[in-house]
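Thank you all for making the time this morning.

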Amino acid sequence: MGRNSRHERIRRNPLTIARQAVTISATLSGIQMMQAATRSTERCESELGNKLSPHPARYSVGMMALTASVLETTASVLDPMAGAGGIFELQQHGHTGTITASDIEPPTTWANGDNRVVVADARALPHANHSFSAVVTSPPYGNRMADKLLLDGTRRHTYANAAGRMLADGSAAAMQWSDNYRSTMSRIYSEIARVVVPGGLVVVWVKDHIRSGERQAVAAWTMNQLQQHGELVDLLAVGVPSMKHGANSELRLTAEIGLVLKTNAN
Ligand SMILES: C[S@@+](CC[C@H](N)C(=O)[O-])C[C@H]1O[C@@H](n2cnc3c(N)ncnc32)[C@H](O)[C@@H]1O
């Protein structure tokens, strides 16, 4: 089934999409699944010390293939939270349009940083309204990866530990799931809606997590935020293996969700 007909099918069935939306945190039934292994993001013992570590939360294997399947190949794409630059993998899936990548941290922070990623704060993007035909991104998830810098030899998988320093002011990667996280991300989603063309596509990869034994509905909250700027037209998912160490490791959830939004026409 072609990508347009799939979106058309969903638009003709608003009840179906609403039901999927409500149950997004509870079930992956009816959405596209791809079992995949995450890239190895664990920092090796030999990388401790002064050596750079890889970005700790790159796009998982399968995400860019699925994203390419819903994008026009010629779309001008922005990733405003681009990390080490995983967004450029779209080119390996036939994408020929321009790709602009920015992050609040410079790519030199990471051993695998792509120097095409420029520094910009997604809360105030340096682009005119309607500059891109699509935005593709994955925010920090407000989970324990936002824990503080702890260079104490433990294998805690956090952004700050991987960076080996405090994160930039305003980085959502240092924010736990909280009002602070939500107000920051809400502002970023408004910026994303501002810089994409009316009727453009926004693809946001996100994931729930467990805190104090309770599932935190990050994906559903993100979906609600995005729906303030348009219509949800598709849901994607990749399965990821849980990590074997860290807080709540036994409870980690196994799927990341790709929310696909078509922005309002005006
Ligand atoms: C899940 S990671 C993205 C990784 C990326 N997809 C990759 O494959 O390398 C989320 C990124 O959001 C960035 N970030 C957090 N707050 C930001 C902000 N206010 N402006 C821009 N980037 C921000 C973090 O620095 C982090 O690199």
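Let me begin with a question: how far apart should the ends of helix α5, residues 179-195, be, and what is the distance between its end C-alpha atoms? Please keep in mind that what you see is a predicted model. Counting 1.5 Å a residue, the 17 residues of α5 should span 24 Å, and because the end C-alpha atoms are 25 Å apart, the two values agree.

Staying with this helix, its buried residues are Y181, T184, M185, I188, Y189, I192, A193 and V195. The elements that cover them include the strands β1 (77-79), β4 (132-137), β5 (196-206) and β9 (255-263), together with helix α6 (218-227). In its placement, α5 lies across β1, β4, β5 and β9, and runs at about 145° to β5, while α6 lies across β5, β8 and β9 and runs at about 175° to β5.

That brings us to the sheet itself, which is open and is formed by 7 strands in the order β3-β2-β1-β4-β5-β9-β8, with mixed pairing. Which strands stand at the edges? They are β3 (118-119) and β8 (230-239), and because each has a single partner strand, one side of each is left without a neighbour in the sheet. At the β3 end, β2 (residues 99-103) pairs with β3 in the parallel sense over 2 bridges, and S102 has V118 of β3 as its bridge partner.

Further along the order we come to β4, where 5 of the 6 residues are buried, so to speak a mostly covered strand. On one hand, β4 runs parallel to β1 and is joined to it by 2 bridges, with V135 of β4 as the bridge partner of L78. On the other, β4 and β5 also run parallel, joined by 5 bridges, and here V136 has V203 of β5 as its partner.

Finally, I would like to turn to the backbone in two loops. Most residues other than glycine have a negative phi. H130, however, which lies in the loop between β3 and β4, has a positive phi of about 60° although it is not a glycine. S212, in the loop between β6 (209-211) and β7 (214-216), likewise has a positive phi, near 50°. Is each of them buried, partly exposed or exposed? H130 counts as partly exposed because it has 13 C-beta neighbours inside 10 Å, whereas S212, with 6 such neighbours, counts as exposed.

How values were computed
Residues numbered from 1 in each chain as written. Predicted model: local features only at pLDDT ≥ 70, side-chain atom pairs only at ≥ 80, totals over all residues. Helix = DSSP H or I, 4+ residues; strand = E, 2+ residues; numbered from the N terminus. Expected span 1.5 Å × (residues − 1). Buried ≥ 20, exposed ≤ 12 C-beta atoms within 10 Å, placed from the backbone. Contact = placed C-beta atoms within 7 Å. Pairing = 2+ DSSP bridges. Axes fitted to C-alpha atoms, helices over the stretch in contact; angles between N-to-C directions.
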